[in-house]
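Colleague: I would like a close look at one part of this model. Please take the contacts one by one and keep it brisk.

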Amino acid sequence: MQLVFLMEQVVNGLVLGGYYLLIALGLSLIFSVGGVVNLAHGAFYAIGAYLAVTLTNMTGFLPAVVISPFAVAALGLLFERFLLRRFYSADPILGLLLTFGLAMLVEQAIRMIWGSPPLSSVMPSELKGAVIVGDFLFSRYRLILLAVVAAVLVGVWLLLHKTPFGRVVRAGIQRPDMVAVLGIKLQPYMATVIALGVGMAALAGALFAPITVVHPAMGSEIIIVAFVVVVIGGLGSFWGVVLAALLVGVVRGMTIHFMPAAGEASIYVLMFLVLLLRPRGLLGERMERFE
Amino acid sequence: MTQTTRRNVLKGGVALTGALTIGMPSILRAQTGPLKIGHLTPLTGFLGAIGGYAQLGAKLAAEEINASGGVLGRQIELISEDSVNPAIASNKAQRMVEQDGVVALLGEINSASALTIMQVAERNKKVFFSTGARSDALRGKNCNKYSFHSDIPNTVMVNAVGTALMQQNMVKGKKFFTLTADYIFGHDLLKAAKAFFARTGGNLIGDELIATDVTDFSPYLLKVRQAQPDVVCCNLAGNQVTNLVKQYAEFGFKYPLVGFNLNTGDAWAAGAGNLTGTWPTPWYHTLDNPASKKFVEAFIKKNGKPPENHAWIDYISLKIMAQAMNDTKSTDSAKLIEHFEKQSEFDLMKGRKGYFRKWDHQLVQEAYPFTVKAKSEMKDQWDMLVLGPSVPPAGEPLETIYPTQEQNPCSMPA
């Protein structure tokens, strides 16, 4: 019986990892193309959640969850055009400062627009409840969430690896100078990838709004976990992030099972160990610009 | 690049030093200006949402006090800041006393932060009204002469809900699983809950201590299911409560969820349809008495939403403090303490008046259990709760639900 409980925690951890993945993958993508660690990523997650809750009251749940990420992706285009673009080739510390400042700005803006008490948000009652498969119990909502994450993951992978668009992006990541020599302007490609990453964060916000507190500082709560995932997986590595997100979810669940008090600390211990043994992250490439 | 940066930093430093030097005299002059009162409450972190209400309540009280002539003929100036965490709360309280020259302190929700401010109050011999911290230990082994507690303590929260649960036959012989906030408040609440279960025949089969920054409760919910309890009991605080309530509804467990601590802000944040069960509260904006109605109306007019229980408690606490200063014609801590220790009664916008108990400085008052309204009966998004009859019932002395001196001993060296 003990083993069943443990397996249940492992599976639940994988589901949770899927949600981390949605945020961390965008963070990693933006770093890959722009070389900027986007500390404002959590801010876009928060805007996504707030927009989704506001729209749910007008359009209902499903349209809100679809519209919100696209609206935030559009914001992401503005973010790229007017802010991020100036920092691609700058000292990484400047990009950090810019996005950190933006994160604080957005948090305060949310306070001004929506107020500081949390927004109340509820999911449609037909999505509530548990599904029992054999000995395992799942939240119905999280299974749907997992399916969405899987679809997004496959979509992004196909986009990057099976389309002409993805070829340019990947080439641009590795040798921007060569891409330029071939006469391809990288700018629009970078802008699109950044909008995509930011939109994924917003999708995570919209999907998680019904099951977590929607409050102005929710972005700064999630950015830390997202960052831990990216660091463990290796900055810039697609499969590294996937692996790390699932690992973080499972390690957290297992720790809570055996040593509840260490639950939140476990992911940082994991990051510490990974950095100690493999500084570039599980599947990360060597990063010359930081060495 | 580096050169100019360094120069700018130096320039900034010089400017800052200059500003501080010029700023000093105004601090010294403050004695004749407005009367300053320091207000600290968490505006960020897991209690930030309800702290925001506390600040609105205190600000409204300050405005009304000033409109009616202030304190001792002087206007009051409320210096209200984010207390952040216990260490920063203590630093800010010390700064408010030393540099800003506040005559008294009030506020706080986090019991750990309230404890550090209580120590600052004692060291500096300033009165501190702890308005939202519920840990029994603050009134017991950590008590001091300068600190007064206007929120109800954990034991009363437990007794308020416990009484209601016993009436529903949900205690004796039932298996309880508790989820507890992992800091002084939660530990203290668990202790009060255990005392209650021992007294009433409830059976505690499991407890999980949960860090205050946890947002995903799914691993804990799986452990709850493994334990197969009859009742799940929430001893959490702030955003933890809202997250748990939302995720409990998400998983759709059949075990009833009750709680020994809830602030109406957390209930509102959870949203209609997510919250169920029986919970305690010290006050709710639908209480039917003239003082309460007047306050609610003024608050809505100013802020566009009804006051949460922390808005209420910080509002009445500042009012009581100002009134005491006017009555004693003094801001002297010794005189104020003497005044409160006479156990004079104050209107708390409830059925019965309350008073500060002499031996532990607890504001003795009624509490209420509540259940949740059906969504279809709600007039607006804030009309969520149905208050039960006051605890203790009318006719019984208020102190019957409070810890006795033997249960929670407090000694205050003069």
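Which side chain meets B:Glu399 in a salt bridge?

Modeller: The side chain of B:Arg357 does, at 3.1 Å, N to O. A salt bridge here is a side-chain nitrogen of Lys or Arg within 4 Å of a carboxyl oxygen of Asp or Glu.

First, the ground rules. This is a predicted model, so local features need pLDDT of at least 70 and side-chain atom pairs count only at pLDDT 80 or more, while totals for chains, interfaces and linings use all residues. Residues are numbered from 1 along each chain as its sequence is written, chains are lettered from A in the order in which they are written, and side-chain values use heavy atoms, with hydrogens and water left out.

Now the domains. Chain B is divided into domain 1 (35–152 + 287–365) and domain 2 (155–281 + 367–399). These bounds come from an automatic or database domain assignment. The C-alpha centres of the two domains lie 26 Å apart.

Next, how they meet. In chain B, 33 residues of domain 1 are in contact with 32 residues of domain 2; contact means heavy atoms within 4.5 Å. The area buried between these domains is about 2,500 Å². Buried area is the accessible area (1.4 Å probe) that two parts lose on being put together, summed over both. Carbon and sulfur atoms give 58% of the area between the domains. On the domain 1 side, B:Phe46, B:Arg134 and B:Arg352 lose the most area, together 29% of what that side buries.

Then the polar side. The count between domain 1 and domain 2 of chain B is one salt bridge. The rule also finds 16 residue pairs in polar contact across this interface, both residues at pLDDT 80 or more. A polar contact is a pair of N or O atoms within 3.5 Å; within protein, one must be able to donate a hydrogen and the other to accept it, and residues adjacent in sequence count only if both atoms are side-chain atoms.

Which elements take part? H2, helix H4 (111–124), helix H5 (136–139) and helix H12 (309–328) of chain B each give two or more residues to the domain 1 side. Helices are DSSP runs (H or I, at least four residues), numbered from the N terminus. By class, the domain 1 side divides into 15 nonpolar, ten polar and eight charged residues. Ala, Val, Leu, Ile, Met, Phe, Trp, Tyr, Cys and Pro count as nonpolar, Asp, Glu, Lys and Arg as charged, and the others, Gly among them, as polar.
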